[in-house]
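Please go through this structure with me, one topic at a time.

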Amino acid sequence: MTAFEMWSHLGSVMAGLMFVWAMFKEYFPPQLRMHVEAYARKAVDQVHPYVQIKFPEFEGERLERCETFTAIQNYLSGSASATAKRLKAESVKDSKSLVLSMDENEEVVDEFEGVKLWWSSRLIPSQKPTFSLFSSAEDRRLYRLTFHRSHRELITGSYIEHVLEKGKAVAADNRQRKLFTNNPSSNWGHYKATKWSHVLFKHPSTFDTLAMEPSKKKEIMNDLLRFQRAKEYYERIGKAWKRGYLLYGPPGTGKSTMIAAMANFLNYDVYDLELTTVKDNTELRKLLIDTSEKSIIVIEDIDCSLDLTGQRKTKKQEKEDDEEKADPVKKMMKGEEESKESKVTLSGLLNFIDGLWSACGGERIIVFTTNFVEKLDPALIRRGRMDKHIKMSYCCFESFKVLARNYLGVESHPLFARVRLLLKETEMTPADVAENLMPKLDDEDEDACLEGLIEALEKAKEDARKKSEEEEKAAAAEAEATAARAMAEEEAQQASSVEKQENGGRGCAEEVKENGVL
Ligand SMILES: Nc1ncnc2c1ncn2[C@@H]1O[C@H](COP(=O)(O)OP(=O)(O)OP(=O)(O)O)[C@@H](O)[C@H]1O
Ligand SMILES: [Mg+2]
C-alpha cells in the first residue's frame, strides 16, 4: 500500500466517523453540536492535509481520449522512466517512438518551485462483470496528483499549466512529422474523406547539406529561431504568430530543398498547397483553417498557380463581357470554361494571410516560391505579408564546397582552385553542380567527378560565350534593321513633304489665278 493510499484510508475512516456522528447529532443540543463539528473537521484536516486531483483518460459522452491525460503521460514519461519500477510502453498516435509511462499503482515524485508533488497511476475497473484476471478494454485509467493544501494556489495556478505545456512540447519533439497535400474538393463529401492527405515527412535535407553562402544561411537560421521563440513577443505587440518567406530564383537553385531544411530545422509539418485544384476563396479558407500549428504552408510557383498579377480587366475583356451580356449562349459556354479554372483570387489569398490566418492560432510559416519575382503583384510580396525575401542564386564556391562534402566527402582538393575560377566566370545551378558531382559509375572516384564537373563548367562557359556572341550579333542586326527602317521612313516623309509643297504651290497659284479672275 502506498503512502497516499494510507492517507486516503485514514481519511475515509474519519469520514465514516463523521457519518456516525451525524446519526447521533440529533441527541446533542445545537450549540454544542456546532462546536464539536468544527473541532472534528479541523481534526480531519490536521491528519489529512493533502489535496488530490484526478485526470481521467477518457472524457465526454463519446469517451474521447482526453488531451490533458496524453500531455501528462508525455510530461511524466521522463521521470517515470527514470524512477518508476514498473513501466508501460505504448505507441501513442503520431509519435515516432514508444512512450514510456508508469504502470498502474506506480507513483512518481515531482518538484515544482521547491514544492514536492506526487503523481500516481490508477486503474478503475469496468462496472460490467468480468471473469478475466487481466484488465479489460472497458477499464479506465487515471492519473492522480496529490499535493499539500498549502500549495493549492501554486499547483492549480501555474503547475498544471506548466505540466500541460511541457507535455505538449515533449509530444511535439517526439511526433512523426507529416507532409500534407490538399485533396480536390469534389472528394470532401465522401465518407471519412479529409481535406488533406498525408504521408510521413522524411526529407533528408538540412541546413548542413544545403548549399548556400554561409552568412546567408546563418541569417535565415537565426531568423527562424527568433520566430520560433517569439511567442510572447507576438502576443505583446498584438500580431499573429506567423512569418512569410518568399523564395525566388532560377529552377534548380534549391528553393524546395530549402523548405525541407526549414521543416527539419523547426520540426514542423509541411502543407503543400496546390492552388490549381482549389475552386474558390471559400475552399481556400476551409483548407487553411484545417492546418495545424507548427507548420509550414507552401505554395510553390505562385506565378503559375494563379493569375495573381493583372486583376483589373483589360479593354478586350470588357468588350467580351459586353458581348456575353448580349449573347446568352456565349455566356453559358464561358461560365462552363471558367468553372473549370481556379477562382482563387489575389484578394482572397491576401485576406487569408492578413486576417483569417491571424485568427486561427499561431506558429505558422508560409512560404511562396517563384522563378519570376518580377511577375508577382507588389501587394502580395510587400513586407508584413512576405516578411523575408530570399534570393536563391547560382552556385558560388562556398555552395560548391558544401556539395563536394555531401556528394564526395571531400573538404579540399587540388582541383578546387580551378572550380572556384570557373564558378566565378559562369553560372551553374547547385542542381547541375550536384548532378555533375554524383559518381556515374561504381568505380568513379572524386578526381573523376571533379574533372567531370570542370568539363561541364567549361562547356557551360563556352556555351554562354557563344550565346552572348549570337545575342550581340542579333542585337546588332536588329539595330541595323531599325536604323534602316528609320532611314526609309525619313526618306518617305521627306518625299511626301516635297510632294505636298509642290501641290500646295500649285493650289496657291490657282487661288491667285482665281482671285485674279475675280
Ligand atoms: N542549394 C542547394 N543545396 C543542396 N542541393 C541542392 C541545392 N539546390 C539544388 N539542389 C539539388 O538539386 C535538386 C533540385 O533542387 P530544388 O528542387 O530544390 O530546386 P528548386 O529551386 O525548387 O527548383 P524549381 O524552381 O524547379 O522548383 C535537389 O533535389 C537537390 O538535390
Ligand atoms: Mg521547387
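This is a predicted model: local features need pLDDT of at least 70, side-chain atom pairs count only at pLDDT 80 or more; totals for chains, interfaces and linings use all residues.

Residues are numbered from 1 along each chain as its sequence is written, and chains are lettered from A and ligands numbered from 1 in the order in which they are written.

Trainee: What separates the centres of domain 1 and domain 2?
Mentor: Domain bounds come from an automatic or database domain assignment. Domain 1 covers 49-127 + 138-174, domain 2 covers 179-306 + 344-391, and domain 3 covers 397-480. Taken over C-alpha atoms, the centres of domain 1 and domain 2 are separated by 35 Å.

Trainee: Which strands stand at the edges of the sheet of 7 strands?
Mentor: Helices (H or I, at least four residues) and strands (E, at least two) are DSSP runs, numbered from the N terminus, and two strands pair if DSSP finds at least two bridges between them. The open sheet has the order β10-β9-β12-β13-β14-β11-β15, with mixed pairing. An edge strand here has a single partner strand, so one side of it is left without a neighbour in the sheet; these strands are β10 (196-200) and β15 (388-391).

Trainee: Which residue of β15 is the bridge partner of leucine 247?
Mentor: Strand β11 (residues 242-248) pairs with β15 in the parallel sense, over 4 bridges. In β15, the bridge partner of leucine 247 is isoleucine 390.

Trainee: At about what angle does helix α7 run to β13?
Mentor: Axes are lines fitted to C-alpha atoms, for helices over the stretch in contact, and angles run from 0 to 180 degrees between N-to-C directions. Two residues are in contact if their C-beta atoms, placed from the backbone, lie within 7 Å. Helix α7 (residues 255-266) lies across β11, β12 (269-272), β13 (295-299) and β14 (364-370), and its angle to β13 is about 170°.

Trainee: How does lysine 294 count, buried, partly exposed or exposed?
Mentor: A residue is buried if 20 or more other C-beta atoms, placed from the backbone, lie within 10 Å of its own, exposed if 12 or fewer, and partly exposed in between. Lysine 294 is in the loop between α8 (281-289) and β13. Lysine 294 has 18 C-beta neighbours inside 10 Å, so it counts as partly exposed.

Trainee: What is the bridge partner of phenylalanine 55 in β8?
Mentor: An open sheet of 4 strands has the order β1-β8-β7-β6 with antiparallel pairing. Within this sheet, β1 and strand β8 (residues 140-148) pair over 7 bridges. In β8, the bridge partner of phenylalanine 55 is tyrosine 143.
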